[in-house]
Amino acid sequence: MDSPLPLHVCHVNNLSVIINRLHALLHCIAIGFLIYYRASYLLQETRAIPIILWLLVFASELLLSFIWLLGRAYLWRPVSRTVFPERLPEDDKLPAIDVFICTADPEKEPAIGVMNTVLSAMALDYPVDKLHVYLSDDGGSPITLHGMREACRFAKWWLPFCRRYGIKTICPQAYFSEADSDDYFGDSEFMVEKKKIKEKYEMFEEHVTKAVEDGEYGNSQNHSTIIEQIIQETFGESETIRQADLVEMPLLVYVSREKRPEHLHHFKAGALNVLLRVSGVISNSPYILGLDCDMYCNDPTSARQAMCFHLDPKISSSLAFVQFPQKFHNINKYDIYDGRFRSAYCVQWQGMDGLKGPVLSGTGYYIKRESLYADFTHTELKDTFGKSNVLINSLHQSYKQNNANGENFSNVLQEETGVLASCSYEHQTKWGEEVGILYQSVSEDLFTGFILHCKGWTSTYLTPFRPQFLGTSTTNLNDLLIQGTRWGSGLTDVGLSRFCPLLYGPSRMSLLQSMCYGELSFFPLLYCLPLWCLATLPQLCLLNGISLYPEVSSPSFIVFSFIFISAICKHLQEVISTGGSIYAWRNEQRIWMIKSVTAHFYGSMDTILKLLGLRKASFLPTNKVLDKEQVKRYEMGQFDFQTSSMFLVPMVSLMILNMAALLCGFIRIIAVGNWDKLFPQLLLSLYILIINFAIVEGMIVRKDKGRISPSAILLSSVFFMIFLFFGSIILM
């Protein structure tokens, strides 16, 4: 008997493997020569350069070499995958799916965008009775609850329309904004129907917008539990639709957990664990789709594509989750803020997929419910999961409430879900420690995925041609750096914890996988410190005529040149091979430098302060509200420098220092003629200024509202003088 056709295939890019490993070998050899050069100087009896400067630069180069070495694990065996959803079993044999959507702040996350995400999830191409959509509203906002009811009302028109005409863009807001959204150009009946549905959508949008203008946002930190199954309303006699379209809608549930100021709520991780418990006693689907509130479903087939892995008997027993890339609908051709995260989603995650699987990335993943439950014995069920007998019964996969397909909640179930969503339920349980989404870090996704891999679970990464999910990327510098600070803090939380991937991981997973997690956990800290040193110390030495690098005529200069050119060319090769350009390469270099000396520095310091007990954990949602002027500048490819001085001053101070060093260096070379000694430092300052010319332009050339303010430049000048003062002390 022939074996069944595979549901998916894996492709190894052998050419990339050869290039990556050959480059790593040559670069490692060069780093070895660099270390020899720096270390041999320390053994000399007479030294022309202060030892503290040499040690700081040497330490910076060692840290950069170490983080680079960790990053080689991503490139060891990159793979790509293809799925065949047409080979899946019949619909009645497909497993059920719960969709978790999280929102926290109705001011930063507009209700109309959240509801479009909800509607897109409801429109997935999946059996209706096996799809259940849950929205967690951590803001406890009446506006969001009203929006859910309006979305349910509009869904009665939207879902039949999508199914009848095979609509691919199942987010209504995106669909009606597309110029070429018509799949039936010659069908007059389709055009009439589309016009009618568009009018319904505009009414829905108007109702939600009016509720936002007239309603109250609520108290996001102090409110009681609200759990409501959103029930369909019947159509009036004046509004009729075809009998064939009278199909069931997916179960739709609004969940706002109890929050009190005196209780820890653990941010998004806490909200997800409440959804895990509440859904467990309602629908209890074996698989869960996790979505951010702005990350709408862009392809109705994502669930079936994910099931091509979850239903493969060869890997299903150990597969925890299938991760799709995060892609964004509002990124323009310039992408000045590196909003595509190309390095992560086009290089790193594919590399991890060739090992044990990619990181859990916070949104766009299909995860097995079982993987989020710890190994337990029947004697410790209540100590692990809490005192709810209904929840404990749900641990058996055969359990399912009768009302999961659309009937209203019973009073008993309503009361039970209220208990499960209370702020005290997790006390003296293992929730967040061993069960569910883990609380160790505000980057709950990375930490949970890491622990899953440590327990022996695997994951896969799928990047179809059509984006399965589309979100909203940051389009201004302020939001980018606030987001980067939060991420930097969360990642460093993991690196400096007892679960440090480089110590906790190797005995539980492969060394290469541990290196990947180590690079993710430490890159904010291990980039910010060296970049601060290399953006200041060589420049201060240049101002004083001190050489930190080999003379151009020295053979050792070839080593430094090779490492510099090798790193740049490898990055450029990765950018070009993944569809980018030289312009994209420059943007990534610039954002890497900016984030390292600002967001990653502050994020790392935030973690250190938390470890010392000097600061509490915090979480700021990324702003999803668009400012028209900022959007206009973004579309023009102009940086918007309307951000806090805590971000501007480091950037501008370093630009002033590098401009001064470059100018004084040229003057010194012309006057003294020792270009052979100072050329490497001169080149370094020139490179920093060329890459970050947008900052220089914002300081000197631009006069619009998005420029760097004179007050920030003045304050930065003060810090520049402080640099010079401390530099003179070090150089004495």
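Helix 23 covers residues 675-691, so to speak a run of 17 residues, and its first and last C-alpha atoms are 23 Å apart. That is close to the 24 Å expected at 1.5 Å a residue. Keep in mind that what you're looking at is a predicted model. Helix 23 has a kink, too: about 25 degrees, centred on Gln681.

Which residues of helix 23 are buried? They are Asp676, Leu678, Pro680, Gln681, Leu682, Leu684, Ser685, Tyr687, Ile688, Leu689 and Ile691. As for what covers the buried residues of helix 23, the list includes helix 16 (511-534), helix 17 (537-543), helix 18 (555-577), helix 19 (582-597), helix 22 (645-672) and helix 24 (693-700).

Now for a look at the surface. Leu715, Val718, Phe719, Ile722, Phe725, Phe726 and Ile729 make up a nonpolar patch there, and together they have about 630 Å² of accessible area. Pick out Ile722, one of the patch members, and you'll find it in helix 25, which runs over residues 710-731. Ile722 counts as partly exposed because its relative accessible area is 37%, between the 20% and 50% cut-offs.

Next, the loop between strand 6 (251-256) and helix 7 (267-280), where Arg257 sits.

The backbone is what to look at here: phi of His266 is near 60 degrees, a positive value in a residue other than glycine. Most residues other than glycine have a negative phi. Asp335 also has a positive phi, near 45 degrees, and its place is in the loop between strand 10 (327-328) and helix 9 (342-353). His266 counts as partly exposed, while Asp335 counts as buried.

Here are the two residues side by side:

| Residue | Phi | Relative accessibility |
|---|---|---|
| His266 | near 60 degrees | 29%, partly exposed |
| Asp335 | near 45 degrees | 8%, buried |

Definitions and conventions:
Residues numbered from 1 in each chain as written. Predicted model: local features only at pLDDT ≥ 70, side-chain atom pairs only at ≥ 80, totals over all residues. Heavy atoms only, no water. Helix = DSSP H or I, 4+ residues; strand = E, 2+ residues; numbered from the N terminus. Expected span 1.5 Å × (residues − 1). Bend = angle between axes of the 7 residues up to and from the residue. Buried < 20%, exposed > 50% of the residue type's maximum accessible area, 1.4 Å probe, protein only. Contact = heavy atoms within 4.5 Å. Patch = residues over 30% accessible without salt bridge, like charges linked within 9 Å, V, L, I, M, F, W, Y side chains within 5 Å. Areas by Shrake-Rupley, 256 points an atom, 1.4 Å probe, with all protein chains shown as cover. Salt bridge = Lys/Arg side-chain N within 4 Å of Asp/Glu carboxyl O.
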